[in-house]
Each structure stands twice: as C-alpha cells, then as structure tokens.
Amino acid sequence: MNSFKSHFVYTKKQRNGIFLFLILIFSLQCVYWFVVPKMLVDNAQDEQLDTAKIQQFYTVMDSLKVIAIEEKKPKIYPFNPNFITDYKGYTLGMTNEEIDRLLTFRAQNKWVNSASEFQKVTQVSDSLLAVLSPHFKFPAWVTQPKKATNFKSSFSNIPKTEAQKIDLNTATAVQLQKVYGVGEKRSERIIKYRTKQQGFISMIELQEVYGLSPEVIENIKNNFSVKSPRVITKINLNTATRDELVTIKYIDYETAHHIIEQRTLRNGFKSFEELTKVKGFPLKKIEIIKLYLAIN
C-alpha cells in the first residue's frame, strides 16, 4: 500500500506549474473582461470617426459637383428679347412654339417693349419669365422715355412725303438729333460714316452705322431720304472677274471664287436672290452688296 502514490500528491515543481497556470488563466480573464471591451469601444469610436470623415468628404464632393455644374451652365448676358433667334431661344429654355410666336410677331414689324408684353406674345411660363426678364435690355427710349416738351423741335414718327424729307447726304447733326432715338453720339456716327463713304448710296447703308437699332433706322427713314446718292460704277455680276468682285465690301477671294463657280453652273445669274445659293455668301449683307452689282 505504501508503494501506491496518491494522485493528489505533487512535487514542488508541479505545484509551481499549477500556480503559474492559474495566474495565466486569471490574466487571460482580465484581458477578456477589461482590455478587449475597451478595444472594441475604441474601434467602434474610430469607425464612427471614419464614417463622419467619409460623410464629410462626400458632402464636400457634392458641393464641388454643384459648383462645377453651375459653372458649366451658359451665362446669360443682357439682351434685347426682340432679337432672339432660334438658337438663342433654345439656350434660354424656350420651346419651339414660344420662339415661333415671337418670330411671327416680329415679322409683322412689331416690337416687344416690356417683360409682360414678351410673355403675352410668347406665352412663356411665369417661372421662365422670372429667370429671363432680369436679363432683358430694352433701348433707353423704351425704359426711359423722354417727355416731349417741344413738339416743333423734334421730328414726328409719321412718315413724310418724299418732298418733305431732308437729304441724308446734306443733313446736319442738329437735324439728325431731332429724330427720336438719335442723340449726339449716333448723329456723329452717321456723319462720320457718310464722310468716310463720301456719301450714302441708299438708306440701307444706315444698317452699317454702329448703334442704330431697326427702330431708330425706321424713324430716320420717316424724315430723311438719299436724294443725292453717291455716284458709283456698278459691277456686272455675270461678267465680273474675281479681282473685280473682291473690290466689293464683304466679298473676299474665296467668296468671289464660289460666285464665279455658281455663275458657271447656272449659265449666268438671273436674279440677285440666286446669290443666296453661293457657298459662304454673307447673307446678312446681301442688301449692301447688291448696291454695287448689276445684272445685264
């Protein structure tokens, strides 16, 4: 019996090992209960901070996107709504029907002189009008009409007979300034152009004077006419050489080449309207160009 050892009898080394093992278990328990939860809390807080930073980053990016989109939008500069073209109307957000209503109205030689009248003609929505109307720029005589204090000192807008009209080639600055819409600056430009050209050929040339709107030109036509036109030698459109054609204002060598090319294909021009078929021809200046041409 003495030779049989009890299972509960340990050597000193074994007792030390058990004691160390218990200390290790206790240490692991402390780590589990105190260190790990704190680490989890810290990680959660870090994640929250990261999420906040990410959200802030996206907010900044969204703001930058909005700014970029706004910068890409075409800026609207002050303009006269009477001269809105198809393309201009499209960029302003008008529908084809609204643009057509305005163009039809203008084709009757009528003018829009206020935002309310513009809406009445085009039938644009109140919201679109609110966006566009701050950019409307009407002539000064519309927005700031002068009170007529002396009717005898100004010309009326009622067309006069040819005999009553003053010769535009001899008119003085004072006479021109009596026309509604023509002030000191515009009268100076008219006389300066007349001097440079050595006289007007036709009233159409008033379109060449800077700052004269169609309304003002119409007022001038009601009181003046070209009674002593500048003498010029017209060029025969059907026989002119390229060098002769380029002497005409607004016709360069390339345009002259296309005119001769089209003339050859047509066996000669029958009317000035056929010039509109010429490649690169300055259509907006055709009335001025016609003054220097003849078809025989």
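Accessible areas in this entry come from the Shrake-Rupley method with a 1.4 Å probe. I applied this to a predicted model and noted that the protein exposes about 21,100 Å². Carbon and sulfur atoms supply 59% of that area.

**Overall fold.** I looked up the secondary structure and recorded twelve helices and four strands. Of the 296 residues, 31% count as buried. I then turned to the contacts with a separation of 6 or more, and noted that residues 24 or more positions apart account for 57% of them.

**Aromatic pairs.** I searched the whole structure and found five aromatic pairs. I checked the accessibility of both residues: phenylalanine 83 is partly exposed at 41%, whereas tryptophan 111 is buried at 17%.

I next examined phenylalanine 136 and phenylalanine 138, whose ring centres are 6.0 Å apart with planes at 75°, so this pair is also edge-to-face. Both residues are buried. I found them again in one aromatic cluster, which Phe136 and Phe138 form with Phe79 and Phe118.

**Charges over rings.** I looked for charged ends placed over these aromatic rings. The charged end of lysine 88 sits over the ring of phenylalanine 79, 4.7 Å from its centre. For tryptophan 111, I recorded the charged end of arginine 106 over the ring, 3.7 Å from its centre.

Terms used. Residues numbered from 1 in each chain as written. Predicted model: local features only at pLDDT ≥ 70, side-chain atom pairs only at ≥ 80, totals over all residues. Heavy atoms only, no water. Helix = DSSP H or I, 4+ residues; strand = E, 2+ residues; numbered from the N terminus. Buried < 20%, exposed > 50% of the residue type's maximum accessible area, 1.4 Å probe, protein only. Contact = heavy atoms within 4.5 Å. Phe/Tyr/Trp six-rings, centres within 6.5 Å; stacked < 30°, edge-to-face > 60°. Lys NZ or Arg CZ within 6 Å of the ring centre and 35° of its normal.
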